[in-house]
Each structure stands twice: as structure tokens, then as C-alpha cells.
Amino acid sequence: MAATVFILNGPNLNLLGQREPEIYGRETLADIEAACAARAQALGLETDFRQSNGEGRMVDWIQEARGKAVGIVINAGAYTHTSVAIHDALKAVELPVIEVHLSNLFAREEFRHHSYVSLAATGMICGLGGAGYLLALEALHNLQRRRPGAPPRSAAKKELDGQWPN
Ligand code: DQA
């Protein structure tokens, strides 16, 4: 069975496509989910893609990732800037975490410049729209294969690797 990546989305991301399209674009969350599934498959990964408007629900999912997932991609929406609980859960779960935001947080209001998620994340991608999720999957894939004891790689996956400098 392929290794699973949890892709967790926070509040208001269910409204993508309709919500402030000048900031977040016209892509829906379903479009991003489908693109992630396709990219993951090419990388030999599986995705478990979820969205919730609830902070506690997100904490529960992060805890669930332990033992089920090889890494987490997270766009915590507005909880990014407020949630110590999500920060603590990400720390506790001991998995690689890639933080993603559709918009460039640093070109926006000052309250978006601070992220509790970044303090617990392996890396962060922002400002690239839905493509950021795909880059996050690539990053987790690359982290995975650097682990000692990682399985040998297929020719198809090696070809994908060639697109990225090491
Ligand atoms: C966001 C940025 C957050 O500041 C905002 O609250 C969101 C979306 C993004 O993807 O750009 O809900 O996480």
C-alpha cells in the first residue's frame, strides 16, 4: 500500500472559487483535491484530503495522522495566525509538515505575517495558489526518499525527481 499524506484544510477553504477570487483565485477545493491526487499518484503516494471549519476537528486529524500518514500538508486558514492548539498538535505528531497558503501572507495585512503553524513546520509555501499544494507533495516525497532505509525508486519517479534541483 502506498504511503499516505494527510492534506488538511482549515476554515473557509470550502468556499474557494467563490471567496475573494481576486486573492484566492477561481480554483475550487475540489479542483485542488483532484490535482493533489494525480500528483501523489505520480509520486507513488496516496492522499487523504480533508477540510473543516473547526479548530478541534483539525487537532483531532493531526493526531490521527500519527501512525497513518508519512507527512502532513496543512493550510490552516485563519487558524494559522491564532491557534496554539494546532501548533502543539503539529509538534506532538512528529511528522514532516509542509505549510501551504494560496496567497502571499507577507504581501497582506500584518496580522497574517505571523504563523503558529510555521513554528512547527518543516517548510512553508505561500503565494503560488493551488500549485503550492503540489509543490508540498513533491517536498514530502523528497524528504521521504532521503530517510535511511527508504525503498529504491522506480524509473518513472526518478524522472519526476529530475525536475527538481537537489
Ligand atoms: C490562507 C491565508 C490566511 O491568512 C486566510 O485566513 C485563509 C487562507 C491562504 O491560503 O492564503 O483563510 O491560508
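This is a predicted model: local features need pLDDT of at least 70, side-chain atom pairs count only at pLDDT 80 or more; totals for chains, interfaces and linings use all residues.
## Overall architecture

The protein chain contains six helices and five strands. Along the sequence these elements follow the pattern β-α-α-β-α-β-α-β-β-α-α. Of the 166 residues in the protein chain, 34% are buried.

The five strands form an open sheet in the order β2-β1-β3-β4-β5, and their pairing is parallel. Strands β2 (45-51) and β5 stand at the edges with a single partner strand each, so one side of each has no neighbour in the sheet. From one strand to the next, the twist averages 20°. In general, the strands of a sheet pair through backbone hydrogen bonds, in either a parallel or an antiparallel arrangement.

Strand β1 is paired with β2 in the parallel sense over seven bridges, and Ile-7 has Phe-49 of β2 as its bridge partner. Strand β1 is also joined to β3 by five bridges, again with the two strands running parallel. In this pairing Leu-8 stands opposite Ile-74 of β3. Five of the seven residues of β1 are buried, so this strand is largely enclosed by the rest of the structure.

Strand β4 comprises residues 97-101, and five of its five residues are buried. In a regular strand, side chains alternate between the two faces of the sheet. In β4, Val-97, Glu-99 and His-101 point one way, while Ile-98 and Val-100 point the other way; all of them are buried.

Two strands pair with β4. Strand β3 (residues 71-75) runs parallel to β4 and is joined to it by three bridges, with Val-73 standing opposite Ile-98. Strand β5 (residues 123-126) pairs with β4 in the parallel sense over four bridges. Within that pairing, Ile-98 has Gly-123 as its bridge partner in β5, and Val-100 stands opposite Ile-125.

Helix α3 (residues 55-65) lies across β1 (3-9), β2 and β3, and runs at about 170° to β1. Helix α4 (residues 84-93) belongs to a right-handed β-α-β unit, together with β3 and β4.

Within helix α4 is His-87. Is this residue buried or exposed? His-87 has 21 other C-beta atoms within 10 Å, and the cut-off for a buried residue is 20 or more, so it counts as buried. Beyond its neighbours within four places in sequence, His-87 is in contact with Tyr-116, Val-117, Leu-119 and Ala-120. The C-alpha atoms of His-87 and Val-59 are separated by 9.0 Å, although these residues are 28 residues apart along the chain.

## Surroundings of the ligand

Which residues are found around the ligand? They are Asn-12, Asn-75, Gly-77, Ala-78, Thr-80, His-101, Leu-102, Ser-103, Leu-105 and Arg-112. By class, this shell has six polar, three nonpolar and one charged residues.

Two members of the shell connect it with features described elsewhere in this report. His-101 is around the ligand and is also one of the buried residues of β4. Asn-12, also around the ligand, lies in the loop between β1 and α1 (21-24).

## Residues with positive phi

Most residues other than glycine have a negative phi. Asn-12, which is not a glycine, has a positive phi of about 75°. With 14 other C-beta atoms within 10 Å, Asn-12 is partly exposed.

Glu-94 is a residue other than glycine with a positive phi, near 55°. This residue is placed in the loop between α4 and β4. Glu-94 has 9 C-beta neighbours inside 10 Å and therefore counts as exposed.

Methods
Residues are numbered from 1 along each chain as its sequence is written. A residue is buried if 20 or more other C-beta atoms lie within 10 Å of its own, exposed if 12 or fewer, and partly exposed in between; C-beta atoms are placed from the backbone. Two strands pair if DSSP finds at least two bridges between them. A crossover is right-handed if, with the strands pointing away from the viewer, the path from the first strand over the helix to the second runs clockwise. A residue is near a molecule or strand if its C-beta atom, placed from the backbone, lies within 6 Å of it. Ala, Val, Leu, Ile, Met, Phe, Trp, Tyr, Cys and Pro count as nonpolar, Asp, Glu, Lys and Arg as charged, and the others, Gly among them, as polar. Axes are lines fitted to C-alpha atoms, for helices over the stretch in contact, and angles run from 0 to 180 degrees between N-to-C directions. Two residues are in contact if their C-beta atoms, placed from the backbone, lie within 7 Å.
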